[in-house]
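I opened this model to look up two things. The notes cover strand pairing and contacts between aromatic rings.

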Amino acid sequence: MSSYFDDLETRSADERGGSLAQCLPALIATAKGLPGYADSLADVDPAQITDRATLAALPVLRKSELTGAQAADAPFGGFTTRPAAGFDHVFQSPGPIYEPGRVSADWWRMGRFLHACGIGAGDIVQNCFGYHLTPAGMIFENGARAVGAAVLPAGTGQTELQARAAHDIGVTAYAGTPDYLKIILDKADALGLDLSRITRAAVSGGALFPSLRQEYADRGIACLQCYATADLGNIAYESPAMDGMIVDEGVIVEIVRPGTGTPVPEGEVGEVVVTSLNTDYPLVRFATGDLSAVLPGTSPCGRTNMRIKGWMGRADQTTKIKGMFVRPEQVADLLARHPEALRARVIAGRDGEMDTMTVQIETGATDPAPFAASIVEVLKLRGQVDLVPPGSLPNDGKVIDDQRSYD
C-alpha cells in the first residue's frame with residue numbers, strides 16, 4: 001500500500017494556494033446562486049475570493065441558521081445544488097437537521113483517513129457506526145469502498161452477535177466509536193472467540209483516551225481517530241505519526257475567536273469554521289461549534305496540510321448571569337469597542353446566593369472605567385473589571401467561564 005492516498009497530501013504551500021485560487025471563486029459562485037446564500041453572499045464578488053484571507057471576510061454560517069432555513073425550505077434549506085431526489089441518501093440527525101449523501105467518489109472524503117489507518121483491499125471492516133437515519137454508518141462505508149475494503153455493516157448494539165460475526169467472517173479492521181471496540185473484544189474474550197485478526201481501528205464520535213488507545217495497542221491494534229461531522233464529512237484525521245490531526249484536502253479549516261468570524265493567531269484556541277469544497281453541498285464558513293487550535297509545522301509523516309490539535313471542547317459558552325444571557329458574540333463586541341484590549345473573559349461566580357460577574361481583560365491599559373462603561377452597555381450587567389497583562393489568560397478558547405457549582 002502506498003504511504004499516501006493521493007498526491008494532494010504532499011503538495012507544497014504554493015501548490016495548495018494555487019489550487020485554492022482556482023476552486024474558491026467557482027465554489028463561491030455556486031453558493032451565491034443558491035437560495036440559502038441569497039442574503040449573506042448577495043454583495044460578494046466570487047472572483048475576489050481567491051485565498052484564505054479573502055475567504056475570512058465572508059460571514060459565518062451557523063447551524064442554527066441552517067436549521068431555520070431547513071424549516072422554511074425543507075429538507076436542505078436551499079444550500080444544495082441538487083433536489084433531495086437527486087441524492088442517493090437523505091439523513092436525519094438530532095435537531096432535527098437533514099443532510100444529503102451520495103455513494104460515489106468518496107463523497108465524504110473518508111477514504112483518505114482509512115488509507116492513513118492502513119485499511120485497504122483485502123480488509124474486512126466491521127462498521128459499528130449507526131445506519132439508522134443518521135449518516136455515520138454510510139460515511140464510513142463510503143470511505144471503505146474508496147480504499148477497496150469489504151464491509152460488515154454491523155451498526156450498533158447486539159454485542160454478542162457482533163463478536164461472533166467478527167470471528168466467523170475474519171474481520172480485520174474496526175470502524176466505530178472509540179469505546180465500543182473494547183466492548184466487542186471483552187465479549188469475545190468471555191465467549192472464547194479469537195479476534196486477533198483485527199489489527200486496525202478507525203474511530204470517531206467520542207473521546208479516545210490514551211489509556212484506551214494503549215489497551216488496543218497491547219492487543220496489536222493500531223487505533224487512529226478522525227474529526228468528522230454529519231454536515232461536512234471528514235474534516236481532519238490522524239496519521240500513524242499521531243502528531244495532531246491533518247486537515248483533509250477537501251475542506252478549508254479556520255480557527256476563529258468564538259462569537260466572531262475573525263481568525264485567531266496560530267496556536268490560539270478558537271472555534272473551528274469549515275468551508276467544504278463539495279459542489280453538491282457547498283457549505284461556506286460553516287461554524288461547527290467545536291474548539292481547536294492550529295499546530296505549527298507539518299506532520300512527520302510527510303503530509304503537508306495544516307494540522308489542528310483535534311477536538312478541545314465546545315465554543316458555545318452562552319451563560320445566564322443575574323437572569324441575563326451572556327453570549328460569546330457580546331464578548332466579541334466588547335473587544336471590538338476597545339482596540340487596546342487583546343482578549344477578554346467573563347467569569348460567572350457566586351457570593352452566597354447571589355451571582356457575580358468578573359470581566360478579565362488582557363490589555364496594557366491601566367484605567368478600568370472605560371471598560372466598565374462598555375460592559376454595562378454591551379452585556380447589560382455590572383461587574384468587576386480586572387485588567388490583566390497581555391498573555392496572562394489561559395489559551396483554552398473560553399470567553400465565558402461559568403465557575404458556579406450546581407451540585
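The entries below go from the sheets to the rings.

**Entry 1: source of the coordinates.** I note at the start that this is a predicted model.

**Entry 2: the open sheet.** I looked up the strand order and found an open sheet of 4 strands, ordered S1-S13-S12-S11, with mixed pairing. At its edges I found strand S1 (61-62) and strand S11 (251-256), each of which pairs on one side only. I then checked how S1 is attached. S1 and strand S13 (residues 286-292) run parallel and are joined by 2 bridges. For Leu 61, I noted Phe 286 as the bridge partner in S13.

**Entry 3: the neighbours of S4.** Which strands did I find paired with S4, at residues 124-127? One of them is strand S5 (residues 150-153), which runs parallel to S4 and is joined to it by 4 bridges. Within this pairing, Asn 127 has Pro 153 of S5 as its bridge partner. I followed the chain from S4 to S5 and found that it passes through helix H5 (residues 136-146), giving a right-handed β-α-β crossover. S4 also pairs with strand S6 (residues 173-176), in the parallel sense and over 3 bridges. There I found Val 125 opposite Ala 173 of S6.

A reminder to myself on what such pairing involves: strands of a sheet pair through backbone hydrogen bonds, either parallel or antiparallel.

**Entry 4: aromatic pairs.** I turned to the rings and found 6 aromatic pairs in the structure. I looked at Tyr 37 and Phe 79, which form an edge-to-face pair at 4.9 Å centre to centre, with 85° between the planes. This pair links distant parts of the chain, its residues being 42 apart. Tyr 37 lies in the loop between helix H1 (13-32) and helix H2 (52-55), while Phe 79 lies in the loop between helix H3 (63-72) and strand S2 (89-93). Buried or exposed, I asked of Tyr 37 and Phe 79? Both Tyr 37 and Phe 79 are buried.

Entry 5: Why do I list Phe 76 and Phe 87 as edge-to-face? Their planes stand at 80°, with the ring centres 5.6 Å apart, so the pair is edge-to-face; the cut-off for that class is over 60 degrees. Phe 76 and Phe 87 are 11 residues apart, and each sits in the loop between H3 and S2. I noted Phe 76 as buried, and Phe 87 likewise. Finally, I found that Phe 76 and Phe 87 belong to one aromatic cluster with Phe 91, Trp 107 and Trp 108.

Definitions and conventions: Residues numbered from 1 in each chain as written. Predicted model: local features only at pLDDT ≥ 70, side-chain atom pairs only at ≥ 80, totals over all residues. Heavy atoms only, no water. Pairing = 2+ DSSP bridges. Phe/Tyr/Trp six-rings, centres within 6.5 Å; stacked < 30°, edge-to-face > 60°. Buried < 20%, exposed > 50% of the residue type's maximum accessible area, 1.4 Å probe, protein only. Right-handed = clockwise from strand over helix to strand, strands pointing away.
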